[in-house]
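Here is a short briefing on one structure. Please keep the sequence and the 3D view at hand while reading.

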Amino acid sequence: MSDAYTTPVTTAFELQRRTIEQSQQAVHQSLEFQKNVNQAVVDSLDSQESAQRRGVELSQTLIHSYLDAVESSVPGAAGSVDELRATVDEQVEFLLENHEEAFDTLEGEFAEGVDAYDELSEDYVEALDEQVEMLVEAHEELEGQSVEAVEQMADQMEELQDQVEEVQEQVQEVQEQAADAVDVEA
C-alpha cells in the first residue's frame, strides 16, 4: 500500500506536536524572563536605597552650608544656628534610620515574593511538562490509530477497486459473448 494516504495524516500530527512543543517552550521562556525581571528589581533596590541616601545626605550638606552662611552673616546667630543644625542632624539621622529599615523591609518582602513566585513557577513548569508529555504520548497514540484506520480504509478501497475491475471484466466478457451470439445467429 502507498504512503500517499498516510503521509498527510502523519504530517498533520507532526505539525500539531511541533506546535505543542513550541508553546511549551514559549511558556518556559516567558517564565524565565519574568524571573530575570524580578531578580533585576531585587538587585536594583540596593542602588535605589543608596541613591536616595545620598540625596538626603546632600540635602543635609546644603542645609549646613546655608546655616554656615547665616551664622557668618548674622552676628549673634551662632547659638540659634547651632541648635537648628543639631535639630536638622537629628531629623536626618531619624530619616536615614527609617529609610534603611523601610528598604530592608521592602527588600525582604520583595525577595520573599520573588522566591515564592520562583517556587510556584517551578511547580507550574513541572506540572506543565508532565501534562505536555502525557498529551504528546496520547497524541502519538492517536496518530498511530489514525494511520492504521487510514491504511485499513485504503486497503478496503483497493479491494473495492479490484472488485469493480473484476465486475467490469465480467460485464465486458458477457457483452462480448452476447455480441458473438448475435453474430452467430445472424
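T10 is placed in helix α1. The model is a predicted one. Helix α1 covers residues 7–73, and helix α2 covers residues 78–185.

**T10 and its surroundings**

- Beyond residues up to four places away in sequence, T10 touches E143 and V147.
- A polar atom of the T10 side chain lies 3.0 Å from the backbone oxygen of T7.
- T10 and E119 are 109 residues apart in sequence. In space, their C-alpha atoms are 38 Å apart.

**The helix pair**

- The axes of α1 and α2 come within 9 Å of each other and cross at roughly 180 degrees.
- That crossing makes α1 roughly antiparallel to α2, because angles over 145 degrees count as such.
- The contact of α1 with α2 has 34 nonpolar residues, 14 polar ones and 18 charged ones.

**Salt bridge E143–R17**

- The structure holds seven salt bridges.
- One of them pairs E143 with R17, and the closest N and O atoms are 2.9 Å apart.
- E143 sits in helix α2 and R17 in helix α1, so this pair ties together parts that are 126 residues apart in sequence.
- Are the two partners buried or exposed? Both E143 and R17 are buried.
- E143 is also one of the residues that T10 touches.

**Salt bridges around R85**

- D68 forms a salt bridge with R85, with 2.4 Å between the closest N and O atoms.
- This pair links distant parts of the chain, with D68 in helix α1 and R85 in helix α2, 17 residues apart.
- D68 has a relative accessibility of 39%, so it counts as partly exposed.
- R85 has a relative accessible area of 14%, so it counts as buried. The cut-off for buried is under 20%.
- The side chains of E71 and R85 also meet in a salt bridge, at 4.0 Å from N to O.
- E71 belongs to helix α1 and R85 to helix α2, so the pair ties together parts 14 residues apart in sequence.
- E71 is partly exposed, at a relative accessible area of 26%.
- Which residues do the shared partners join? Salt bridges that share partners join D68, E71, D82 and R85 into one network.

**H139 in helix α2**

- H139 lies in helix α2.
- H139 has a relative accessible area of 10%, which means that the residue is buried.
- The side chains of H139 and Q16 are joined by a polar contact of 2.7 Å.
- Which residues does H139 contact, leaving aside its neighbours within four places in sequence? They are F13, Q16 and R17.

**V42 in helix α1**

- V42 has its place in helix α1.
- V42 is buried, with a relative accessible area of 12%.
- Not counting residues up to four places away in sequence, V42 touches E107, F110, A111 and V114.
- V42 and A111 are 69 residues apart in sequence. Their C-alpha atoms are 6.5 Å apart in space.

Terms used
Residues are numbered from 1 along each chain as its sequence is written. This is a predicted model: local features need pLDDT of at least 70, side-chain atom pairs count only at pLDDT 80 or more; totals for chains, interfaces and linings use all residues. Side-chain values use heavy atoms; hydrogens and water are left out. Axes are lines fitted to C-alpha atoms, for helices over the stretch in contact, and angles run from 0 to 180 degrees between N-to-C directions. Helices (H or I, at least four residues) and strands (E, at least two) are DSSP runs, numbered from the N terminus. Angles under 35 degrees count as roughly parallel, over 145 as roughly antiparallel, 65 to 115 as roughly perpendicular and the rest as oblique. Ala, Val, Leu, Ile, Met, Phe, Trp, Tyr, Cys and Pro count as nonpolar, Asp, Glu, Lys and Arg as charged, and the others, Gly among them, as polar. Buried means under 20% relative accessible area, exposed over 50%, partly exposed in between (1.4 Å probe, protein chains only). A polar contact is a pair of N or O atoms within 3.5 Å; within protein, one must be able to donate a hydrogen and the other to accept it, and residues adjacent in sequence count only if both atoms are side-chain atoms. Contact means heavy atoms within 4.5 Å.
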